[in-house]
Amino acid sequence: MREIDEPSESERRFRCPRTVDRLGEKETGDPMASKTTLNAKNLEALGAERLAQLLIEVSTGNAAAKRKLRLALAGAQSPREVAWEITKRLTSIARARSFITWKNRKALVTDLETQRRAIVEQIAPADLDEALALMWRFMALARPVFERCDDSSGTVIGIFHQACADLGRLAAKVRPDPKALADAVLDALQDNGYGQYDGLIGIMAPALGAEGLATLKSMAEELGRSSVPVPPKDQWRAVGWGTGGTTYEHEMRARGRTSTVAMALRNIADAQGDVDGFIAQYDPKTRKVPQIAAEIAQRLLAAGRAGEALGFLERAELGDGLRVPLAWQDIRLQTLEVLGRGEEAQAFRWDCFERTLSDSYLRAYLKRLPDFDDIEAEERAMAQVMAYPSLLHALQFFLDWPALDRAAEILLARHDEIDGDHYEYLAPAGEALSERHPLAATLVLRAMIDFTLTRSRAKRYRYAAEHVVSCARLARDIPDFGAFETHDAYVARLKEEHGRKFGFWSLTAA
């Protein structure tokens with residue numbers, strides 16, 4: 001039996017093309033049908049009384065819809081009424097204690113977004129000062145919300161980051177007293193346990209201005225010089241244990257303050273364009289960490305101090321060359337080019353390619369070679385990839401380049417190295433190779449099948465069964481298996497070695 005709204009075959013074949021496609025909810029020209037399309041014009045035709053009745057029906061049992069309607073009603077009265085509604089709701093959210101899991105997180109997200117947008121869209125146009133005050137209050141919800149919320153998806157923090165950006169835009173329009181704003185910013189940074197205020201100084205820099213940034217810097221430095229009160233020893237509260245011994249609450253607060261001050265001073269230096277102030281926040285040893293050296297060099301390069309930038313990069317302690325941060329590599333290349341050391345930059349690009357098999361470095365290298373030299377260099381690069389210790393990384397390079405012939409070649413030559421556990425590499429490889437290189441694709445699929453059955457990974461049985469079917473289909477396009485088992489021989493061996501895995505074989509027969 002077909003669904004009521006599903007057209008019959010004759011209806012599909014003979015219905016007029018200028019009608020409403022009810023399955024797709026799409027208007028295609030029928031004037032009568034267009035009047036039932038959900039849009040503002042058609043709804044207005046229902047009249048205010050009927051619309052009000054429908055809204056009451058729709059919002060019954062829907063708390064989010066009711067809150068939106070209350071905000072709309074308050075907005076019809078005055079911005080002050082809207083502000084009062086928002087204040088009440090923010091207070092209610094802050095006082096709530098029930099834990100929010102991923103299952104009911106959507107309602108919270110909708111609620112928060114409704115309040116944020118109401119502040120920006122309804123309050124701000126009428127009263128910027130009130131909107132700014134409400135947005136600060138909104139941001140203060142972060143701590144009580146995250147204390148009872150599962151935000152593994154990052155959706156909730158995203159709303160607070162958007163609100164933080166709104167805060168900066170509102171403050172830039174209001175232009176509050178720079179000293180008062182600096183005080184509020186520093187207070188906020190000390191309550192940034194969930195990262196809700198990340199980037200606040202840069203966001204607030206236009207509103208703070210030179211005076212506010214200078215004030216904030218003085219306040220941060222004063223905070224750094226102050227000490228966290230140490231309670232009597234019998235009141236020390238342990239919060240952690242490790243190889244270094246017990247960690248106490250006041251020690252954690254002291255470390256947190258030190259970190260906050262250093263971060264604030266770095267961000268202030270960035271906002272002021274003070275490269276030396278940024279560098280000063282790192283001790284000489286920390287400046288040798290490759291990632292930190294890259295950050296320093298990036299700022300020095302932007303300030304026209306390329307020679308100093310290269311000095312910091314060269315003094316970095318790289319350790320294992322295979323794990324050099326990409327940021328360090330990229331800024332070093334930029335610095336060498338600015339300094340006019342193009343040949344050295346080219347040699348470094350090749351070195352980066354050899355270590356990482358990053359196609360971006362190879363493309364950049366080849367782009368800078370004279371005509372015809374690039375062909376020879378590309379061949380040399382392909383040979384380098386073929387001999388790369390990690391088969392999976394080499395395979396991924398050939399797929400990305402793309403060089404499918406090479407990918408097939410390396411799989412056939414090094415088939416005994418294929419690790420069937422890495423389906424994230426192998427599944428795309430099998431798909432990419434199936435049309436032109438069925439034997440190589442088959443070896444990839446067999447590796448995943450063998451791993452699944454040998455390790456009895458029951459959760460992967462369904463995929464392994466699908467791979468067996470794919471292997472059978474590919475076998476028709478393989479004229480000669482060469483040194484490898486034919487499909488029938490391979491399946492026979494699987495049955496001999498794993499015949500008792502009934503869960504798997506039942507899926508292959510389905």
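How do the axes of α17 and helix α18 (residues 342-356) cross, and within what distance do they come? Select both: the axes come within 8 Å and cross at roughly 165° (lines fitted to C-alpha atoms over the stretch in contact, with angles from 0 to 180 degrees between N-to-C directions). That makes α17 roughly antiparallel to α18, a label for angles over 145 degrees.

Before moving on: this is a predicted model, where local features need pLDDT of at least 70, side-chain atom pairs count only at pLDDT 80 or more, and totals for chains, interfaces and linings use all residues. Numbering starts from 1 along each chain as its sequence is written, and side-chain values use heavy atoms, leaving out hydrogens and water.

Now show the side chains at this contact (heavy atoms within 4.5 Å). From α17, pick residues including Trp 328, Arg 332 and Leu 336; their side of the meeting is with α18 residues, among them Phe 348, Arg 349 and Cys 352.

Last stop, helix α20 (residues 373-386). Ala 377, Ala 381, Met 382, Val 385 and Met 386 are buried here, and the buried residues pack against α18, α19 (359-367), α21 (391-400) and α22 (404-413).

Notes
Helices (H or I, at least four residues) and strands (E, at least two) are DSSP runs, numbered from the N terminus. Angles under 35 degrees count as roughly parallel, over 145 as roughly antiparallel, 65 to 115 as roughly perpendicular and the rest as oblique. The expected span of a helix is 1.5 Å times one less than its number of residues. Buried means under 20% relative accessible area, exposed over 50%, partly exposed in between (1.4 Å probe, protein chains only).
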